[in-house]
Each structure stands twice: as structure tokens, then as C-alpha cells.
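This briefing concerns a single protein chain.

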Amino acid sequence: LRFLFTRPRSLFVPPSSADDKGRMKPAYRYCTDGLGFLFATPKLWRLAICPLLLLFVWSVLSIVLLFALALRPQALAIGAALQHEAGGWVLAVVIVLLEIFLSIWLFLTILFGQFEDKIFDKVLEIKGVVIEDRSNMATNLGAQITLILIQLVMFVVFFPLNAIPILGTYFYCRINGIFTGWALHMHYFELYGIGFKKQREYVMGDLQSQYAYFGAMATFMQILPFFNFFLMWGNVVGAALWACDLWREGKGPGTLLTSRPEETDTSSPSPPPRPTLP
């Protein structure tokens with residue numbers, strides 16, 4: 001995990017664009033542009049609304065069932081262990097709330113991940129980008145687990161910064177930004193069959209400041225109360241729009257590949273696939 005301590009390139013200097021000719025917008029703007037594209041594209045609405053409805057139903061069921069079935073047994077058990085009935089009920093309420101949060105988080109991780117990939121693919125389809133699928137389940141799973149663990153550690157360590165008004169939230173978003181941006185492009189890397197090492201090479205390379213600013217904006221939109229469930233779809237769509245522009249400029253992760261991942265002969269490498277745009 002040495003890259004965790006790598007000094008970011010121009011981390012505190014806003015990037016102007018992703019290419020030398022200024023034809024691409026600053027990466028952080030893709031979050032808001034993604035939200036606008038989502039509202040203007042009815043083809044994406046079903047994919048975005050369906051998991052929100054399922055999440056609402058799951059959340060209500062989790063709250064009702066856990067409070068109805070799990071609160072009293074846990075309160076009695078804790079009260080008996082502590083020999084303090086009131087204290088047992090207080091701790092039981094806290095534990096049930098944590099159980100509700102965990103159940104919702106697991107539901108989000110499993111269900112929303114699938115819909116995020118579908119929305120990402122749908123945006124590529126709408127924009128006319130065709131990617132030759134080189135995904136490998138073992139490679140994808142390893143990269144996903146590694147990045148999730150990193151994000152979990154960063155969340156636990158730096159989330160208390162949000163207790164500091166404005167400034168703390170700013171630094172929390174900036175610190176976690178590059179990993180959020182990386183996670184939002186995980187499906188993009190998976191389509192190429194790129195493993196964790198090459199993903200790190202790409203994200204921490206020339207586009208490092210772009211990923212840092214894009215991810216910082218996306219992190220801020222994800223932690224906004226009440227609106228985050230809607231804004232996170234804008235982040236996914238924005239990540240897909242950015243991927244389309246990176247392809248158009250020949251700066252996508254396909255530049256890291258000289259052959260298919262399973263091939264070891266590099267004597268006659270094949271060029272990376274190019275996008276097909278209307």
C-alpha cells in the first residue's frame with residue numbers, strides 16, 4: 001500500500017482539463033453534468049428509480065423487523081449480563097441501529113453495484129462507445145476487494161473530520177477523493193480486464209489530479225443528507241461520460257494494454273480497442 005503515502009501531483013491545484021489542447025472540461029464538472037444527463041435521459045430513469053424503491057422497501061423492513069424481533073431479546077440479555085435493566089435497553093437500541101445500518105449497507109453494496117454497472121454501460125451505449133469486454137472474474141474481484149478495504153480504512157480514519165464544520169468536510173472529501181474517483185471507474189477498468197496494479201498505475205499517473213478532484217466532488221455529493229441517494233447516480237453517469245471523453249481523446253486505460261491479459265507473448269502486441277462514436 002505504498003501508493004497511499006505517495007505525494008499526489010498538483011493535489012491542491014485545480015486541473016484545467018484532461019488533455020493538452022483543452023478540449024475536455026475539468027473532471028470535477030462531470031458530477032454535475034452527469035446529474036443533468038440523468039434527468040434529461042429517460043432511458044436511465046428506470047435503472048435509477050428501481051433500486052431506490054427496493055432500498056426504501058428494504059430499509060422499512062429492516063427497521064420494523066429488527067426493532068420488533070431483535071430489540072427485546074437483546075435488551076433482556078444485555079440487562080441480565082450488566083445487571084442493569086435500563087442500561088440494557090439503551091445499549092440494545094444502539095446495537096439495533098448498528099444492525100439496521102449494516103443491513104442497509106450490505107444491501108447497497110450488493111444491489112447498487114449491479115445497477116451502477118448497468119447505468120454505466122447504458123451511458124456508453126447511448127454515447128455510441130463500444131468496448132470489447134475483456135473482464136475476468138478473478139481479476140475484477142481481487143481489485144474490488146482491495147479497493148473496498150482501502151476505502152473502508154480511509155472512511156474509519158478520516159470520517160471524524162466531518163465533526164469540524166466546513167473545513168473538516170472539505171479535507172475529508174479531498175483526502176478520500178482519489179479513491180472515490182477510482183471506485184467510480186472500477187467497472188471501466190473491469191471491461192478491459194485490468195487488475196489492481198495497472199489500475200493504480202493509471203489512476204496515480206498523469207490523471208491523478210483529475211481523479212482527485214472528480215472524486216472529491218463525488219464524495220461531497222454522496223455525503224449530502226437526504227439527497228445523496230439521487231446524487232450518487234449523477235456520479236455514476238458523470239463517471240461514464242468522463243470515460244467516453246477519455247476514449248475520444250485516446251487517454252483511456254486501454255493505453256496500458258499491449259495484449260489480452262491472458263496472453264504472455266508480447267512479440268506482436270495488438271493495439272488497444274478504440275471507441276466507436278457516432
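The lead sentences below are followed by points grouped by topic.

This is a predicted model, in which local features need pLDDT of at least 70 and side-chain atom pairs count only at pLDDT 80 or more, while totals for chains, interfaces and linings use all residues. Residues are numbered from 1 along each chain as its sequence is written, and side-chain values use heavy atoms, with hydrogens and water left out. The chain has nine helices and zero strands; helices (H or I, at least four residues) and strands (E, at least two) are DSSP runs, numbered from the N terminus.

**Overall architecture**

- From the N terminus on, the order of elements is α-α-α-α-α-α-α-α-α.
- Of the 278 residues, 44% count as buried; buried means under 20% relative accessible area, exposed means over 50%, and partly exposed lies in between (1.4 Å probe, protein chains only).
- Among contacts (heavy atoms within 4.5 Å) between residues at least 6 apart in sequence, 78% join residues at least 24 apart.
- The chain exposes about 15600 Å², of which carbon and sulfur atoms supply 68%; accessible areas come from the Shrake-Rupley method with a 1.4 Å probe, and for residues only the protein chains shown count as cover.

**Nonpolar core**

- The largest nonpolar core has 65 residues, and those with the most contacts inside it are Ile 119, Trp 182 and Trp 233. Helix 9 (residues 228-248) gives the most to this core, with 13 residues.
- A nonpolar core is a set of buried Ala, Val, Leu, Ile, Met, Phe, Trp, Tyr and Cys residues joined through side-chain atoms within 4.5 Å.
- Leaving aside residues up to four places away in sequence, Ile 119 touches Leu 44, Leu 47, Ala 48, Trp 233, Val 236 and Val 237.

**Nonpolar surface**

- A nonpolar surface patch of about 980 Å² includes Phe 56, Leu 61, Phe 67, Val 93 and Leu 97 among its residues. Patches are made of residues with over 30% relative accessible area and no salt bridge, like charges being joined within 9 Å and nonpolar side chains (Val, Leu, Ile, Met, Phe, Trp, Tyr) within 5 Å.
- Helix 2 (45-82) and helix 3 (85-126) each supply at least two residues of the patch, and the largest share, nine residues, comes from helix 2.
- Leu 61 is found in helix 2 and counts as partly exposed, at 45% relative accessibility.
- Pro 73 also lies in helix 2 and is partly exposed, with a relative accessible area of 46%. Its C-alpha is 8.8 Å from that of Ala 92, a residue 19 positions away in sequence.

**Salt bridges and cysteines**

- The count comes to three salt bridges, each a side-chain nitrogen of Lys or Arg within 4 Å of a carboxyl oxygen of Asp or Glu.
- Glu 125 and Lys 122 form a salt bridge at 3.6 Å, N to O; being three residues apart in helix 3, they are separated by about one helical turn. Glu 125 is exposed at 54%, whereas Lys 122 is partly exposed at 22%.
- Arg 248 pairs with Asp 245, with the closest N and O atoms 3.3 Å apart, and with Glu 249 at 3.6 Å, N to O. Salt bridges that share partners join Asp 245, Arg 248 and Glu 249 into one network.
- Cys 50 is partly exposed at 33%, and Cys 244 is buried at 3%.
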